[in-house]
Amino acid sequence: MIFDDNLKRSILLDHYQNPHNKGLVDDERYHLIHNASESCIDDIKVQMLMEEGKVKDVRFDGVGCTICFASTSIMSDLIKGKSKEEALDIINNYYNMIEEKDYDPDLLEEANAFDTLSKQANRIKCGTIGIHAMEDLIKSYDGQ
Amino acid sequence: MFDVDKIRKDFPIFKNDPGLVYFDSAATSFKPQCVIDAVNDFYTRHTANIHRGDYDNSFIVSKDYDDTRKVVSKLLHNDDPDQIVFTAGATASLNLVAYGYFLDHLKEGDVILLTLAEHASNILPWFEVAKKTKARIEYIPLNEDGTFNIDNYKECLDKYNVRAVSLPYVSNVLGYINPIKEICALAHEKGALVNADGAQAVPHIKVDVMDLDVDFLGFSAHKMLGPSGIGVLYAKKKLLEETTPMMNGGGANARFNKDGEVILKEIPVRFEAGTPNIEGVLGLKKACEYLMDLGMDNIRKHDDEIVRYLIGKLSTLDNVKIYNPRSECSIVAFNVEGIFAQDVGSYLNSLGIAVRTGNHCAKVIDNIIGTTETIRASVYLYNTKEEADKLYGAIRDVTLEKCIGAII
Ligand SMILES: Cc1ncc(COP(=O)(O)O)c(C=O)c1O
């Protein structure tokens, strides 16, 4: 799935202006990670609920630039309802795309909008800060 | 006559990258050919260590190295080259002052005065020194627009047992010039010493250390047309005598024996242990000469003209907020409503316009201007009104969609 630039732009604008899964919940079962970037404004909190090996819910909130909010919003949609292995696979494919390695575009759906982010070295952090948090959150459920 | 077109011909980067519009000289400046040649010459013609070899190249290089102190002295309107210590840059100078001098001269209950508009390099060393000496840090409250408030400063001097005052001569976020002369006079009345961070001042304005009566002043060569990794600490002689070198080793000692008795060399060499950044010093010399040839007053006038022009243009735009409409020195700080600074920065980059976005290492300034992130356009002697027009045009036309388009 390769998008043209117009479509990419409208996907990102839409997720930035109306982010999905935004707003934290007050629920002890959720794990929380706070990630801040030293180079950009990005300062976000991500919450996750995993049950029976599945990502039941992902929430996030904070301040962030377009790339940060849009990537976090898109990825939260992508991994919700997925098993731990499936979610990590999607995340790894996303990293591979950002690092210009082989990846499976079919797994990434709207996240394909970031397929040229690798060319913007100073913005890669923005496009991965929320996703790193999700990866760490999934792993934080290990052994529980 | 100050002729920008002629000046630009001295900077090879404009030939190599003709489309580039560079408004980030506060981060680092471009280098004129004479500075590049000086560095190159050291590598291609006159490679030698200083003060060690009994041969021509070493003599030549050593003389140039020593002469640099005189040239820097002249730039600072000072009469004693021995007060010029070469460091790795402004950060190294600030650390040498904090650790080398104040660590041994502060005690519990003493106060170090700073402002909330500091560069990290002028805050973090003080945090450490305060921790180690049990001295306390207090911040002089600034005016609402981020300018210095002399009454607040006087109040601090009256209220606290102030021993050290450390301030930027020119703020790297808002471009305001602090009244260092008055600050020094008031501090000295109370027996306190003043360290001025000259990183953004020395490249842009006439600095007269004798007239200011400033105790310490550090700066970097790379922001004033010189090479990276080299800078200067100017300090009063008596204070240098009482400063402990942060490094010891070859070149800094006159004699030592196996029992640990060491006689250190004279000031300022004792602060320059090890083989120094020789080519950096030689480049710095040319940079100072270049600036003095143009005249610091002329440079300031030019910078100011471009800054006023840019502020005038940007302030006609409804969606732009300027944080320092009264900027006094080379810096315009602003934001575009509804778009994060970094996103605007990416858009400008796609048009070949270089600015800095972010918090400019001044992490605590949001207490003053109500935002952590700004777009900073900084101006120097080679910038033109045409370049300001390009920046203005880009900001006038910017939209969130265009910013996203520039990134993906
Ligand atoms: C006001 C101020 N102080 C200190 C520094 C640190 O300079 P350097 O990184 O060259 O040591 C800078 C540079 O960004 C600055 O703007």
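1. A:Cys65 is buried, at a relative accessible area of 0%. Buried here means under 20% relative accessible area, exposed over 50%, and partly exposed in between (1.4 Å probe, protein chains only). The closest cysteine sulfur to that of A:Cys65 belongs to A:Cys126, 3.8 Å away, too far for a bond. A disulfide is taken as a pair of cysteine sulfur atoms within 2.5 Å. Over all chains, the search of the whole structure finds 0 disulfides. B:Cys288 is likewise in no disulfide, and its nearest cysteine sulfur, in B:Cys34, is 11 Å away. B:Cys288 is also buried, at 0% relative accessibility.

2. A word on the basis. This is a predicted model, in which local features need pLDDT of at least 70 and side-chain atom pairs count only at pLDDT 80 or more, while totals for chains, interfaces and linings use all residues. Residues are numbered from 1 along each chain as its sequence is written, chains are lettered from A and ligands numbered from 1 in the order in which they are written, and side-chain values use heavy atoms, with hydrogens and water left out.

3. The ligand site is in chain B. The residues around the ligand include B:Ala90, B:His119, B:Ser121, B:Asn172, B:Gln200 and B:Lys223. A residue counts as near if one of its heavy atoms lies within 4 Å of the molecule. By class, this shell has 2 nonpolar, 7 polar and 2 charged residues. In this scheme Ala, Val, Leu, Ile, Met, Phe, Trp, Tyr, Cys and Pro are nonpolar, Asp, Glu, Lys and Arg are charged, and the others, Gly among them, are polar.

4. For B:Asp197, the distance to a ligand nitrogen atom is 2.5 Å. For B:Thr91, the distance to a ligand oxygen atom is 2.6 Å. For B:His222, a ligand oxygen atom lies 2.7 Å away. Taken alone, the ligand exposes 400 Å², and the protein buries 84% of that. Accessible areas come from the Shrake-Rupley method with a 1.4 Å probe; for residues, only the protein chains shown count as cover.

5. Helix H2 of chain A spans residues 66-79. Its 14 residues reach 20 Å from first C-alpha to last, close to the 20 Å expected at 1.5 Å a residue. The expected span is 1.5 Å times one less than the number of residues. Helices (H or I, at least four residues) and strands (E, at least two) are DSSP runs, numbered from the N terminus. Of the 14 residues of H2(A), 13 are buried, so the helix is largely enclosed by the rest of the structure. Just after H2(A), A:Gly81 has a positive phi of about 85 degrees.

6. Check the backbone of chain B at these places. Most residues other than glycine have a negative phi, and most peptide bonds are trans. B:Lys134 has a positive phi near 65 degrees. This residue is exposed, at 56% relative accessible area, in the loop between helix H6 (124-133) and strand S4 (136-139). B:Leu225 has a positive phi of about 80 degrees, but is buried at 0% relative accessibility. B:Ile267 and B:Pro268 are joined by a cis peptide bond, with omega about 5 degrees.

7. Two strand residues of chain B are worth a look. B:Val165, in strand S5 (residues 162-168), is buried at 1% relative accessible area. Its C-alpha is 6.2 Å from that of B:Leu114, 51 residues apart along the chain. B:Ser378 sits in strand S15 (residues 374-378) and is buried, at 1% relative accessibility.

Methods: Polar contact = N/O pair within 3.5 Å; in protein donor to acceptor, adjacent residues only side chain to side chain.
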